[in-house]
Amino acid sequence: MSELPLPSATRLLGKSGIAVSTIAWGMWRLAEDGRTAADAARLVHAALDAGITFLDTADIYGFDGTGGFGDAEALLGEVLAVEPSLRQRMVLATKGGILPPLPYDQSADYLRKAIEDSLRRLKVDVIDLWQIHRPDILAHPQEVARVLDDAVASGKVRALGVSNFTMAQIAALDHFLGSGLATTQPEISPLRITCFENGELDQAMMLGLTPMAWSPLGGGRLASPETARDKAVAAALDAVAEAQGVSRTVAAYAWLMAHPAGIVPIIGSQKAERIAEGAEALNVRWTRQEWYAVLVAARGERLP
Ligand code: NAP
């Protein structure tokens, strides 16, 4: 049976020249459950010590519908203020452009302000990857590109990305950007497979973008599947997980990483042991047959 290649431990972020770990840790849920800066520091250490050095946050993380905008960034900023040497150990990604209750703003003035505010909250001089969180249909991509290129030229941002953009929106912004896009961040998981067949990953390979997978466990659904379809996907992952002595969640990350586009799953857990465990995904081998078995379970019907 033909085996797919193992992922390398690091990869370059698009054409930016920035090397990142092949698996990332996300902080969407960091500023929840009364977590203190000391708690957050433990999680940052758990990720870095496991070799997971690519950290993803956003200005909106922490917002609960009424308040908390910026809280996840601010918490990481507190961690970095106490232990500044951590900054050198991570590639730091954040996002902006969702602004409740608007809902989205990519006007030039707002983009400049969003980047400045993130720098201030994170207490850093430069953001390694700044991403537009969701597309603002009212923004012209040429104007957006001008502001983002300025942010790169001024040294405030090293590389640029988008999230939840359509393929046409990605192509338009990439066309106008002098520095080009380095990443795209759609939702991808064994339970959310549209990217595999709708051309998004093909576009990423064509443009040289690193795809980052948000909610790689379907927001946790894969850990406790309820529907018949979700249970079938879990069973296909379990077959490989059990044979190789890893958990289903590790097999899920590895399944994404086996795709030739070089998908970087963003671990969403806020538990130190689960974050660290994610690094085991680098050692999981997939045969073509096993890989397609998960895809077929997710499709709910055989491939033609
Ligand atoms: P996920 O990995 O799909 O789900 C994580 C959730 O599953 C956590 O609540 C976690 O709880 C739970 N979980 C239950 N059992 C688990 C297990 N065995 N192992 C690991 N987790 C388990 O990811 P996500 O949190 O939804 O999203 C991941 C990251 O993607 C975010 O942090 C963010 O950076 C990014 N994201 C981006 C967007 C966007 O629009 N760009 C949207 C959503 C997310 P515990 O914490 O208790 O482990």
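**Aromatic residues, pockets and overall form**

Biologist: Is Trp255 buried or exposed?

Modeller: The class follows from relative accessible area, taken with a 1.4 Å probe on protein chains only: under 20% is buried, over 50% exposed, and anything in between partly exposed. Since its relative accessibility is 0%, Trp255 counts as buried.

Biologist: What kind of model is this, and how are its residues numbered?

Modeller: The model is predicted: local features need pLDDT of at least 70, side-chain atom pairs count only at pLDDT 80 or more, and totals for chains, interfaces and linings use all residues. Side-chain values use heavy atoms, without hydrogens and water, and residues are numbered along each chain, as its sequence is written, from 1.

Biologist: How many aromatic pairs does the structure hold, and how is the one between Trp255 and Trp291 arranged?

Modeller: The structure holds 5 aromatic pairs. Rings of Phe, Tyr and Trp (its six-membered ring) pair with centres within 6.5 Å; planes under 30 degrees apart are stacked, over 60 edge-to-face, and the rest tilted.

Biologist: What type of pair do Trp291 and Tyr292 form?

Modeller: Trp291 is buried at a relative accessible area of 8%. Its pairing with Tyr292 has 5.6 Å centre to centre and 85° between the planes, and is edge-to-face.

Biologist: Which residues do ring pairs link into a cluster?

Modeller: One member, Tyr292, is partly exposed, with a relative accessible area of 41%. The cluster linked by ring pairs consists of Phe196, Trp255, Trp291 and Tyr292.

Biologist: Which element supplies the largest share of the lining of the largest pocket?

Modeller: This pocket holds about 860 Å³ of space, and among its 38 lining residues Trp28, Arg29, Ser215, Gly219 and Gly268 lie nearest the centre. A pocket is an open set of points on a 1 Å grid where a 1.4 Å probe fits, with protein on both sides within 12 Å along at least five of seven lines; lining residues have an atom within 4 Å of a point. H9, strand E10 (264-267) and helix H10 (272-277) each supply at least two lining residues. The largest share, 3 residues, comes from H9.

Biologist: Which residues lie closest to the centre of the second largest pocket?

Modeller: The second largest pocket contains about 350 Å³ of space. Of its 16 lining residues, the closest to the centre are Leu4, Ala258, His259, Pro260 and Trp291.

Biologist: Which element gives the largest share of the lining of the second largest pocket?

Modeller: Helix H6 (194-198) and H11 each contribute at least two residues to this lining. The largest share, 4 residues, is from H11.

Biologist: What percentage of the residues in the protein chain is buried?

Modeller: The protein chain has 11 helices and 10 strands, and its C-alpha trace spans about 55 × 40 × 35 Å along the principal axes. Of its 304 residues, the buried part is 54%.

Definitions and conventions: Points joined across faces, edges and corners; volume = space filled by probe spheres on them.
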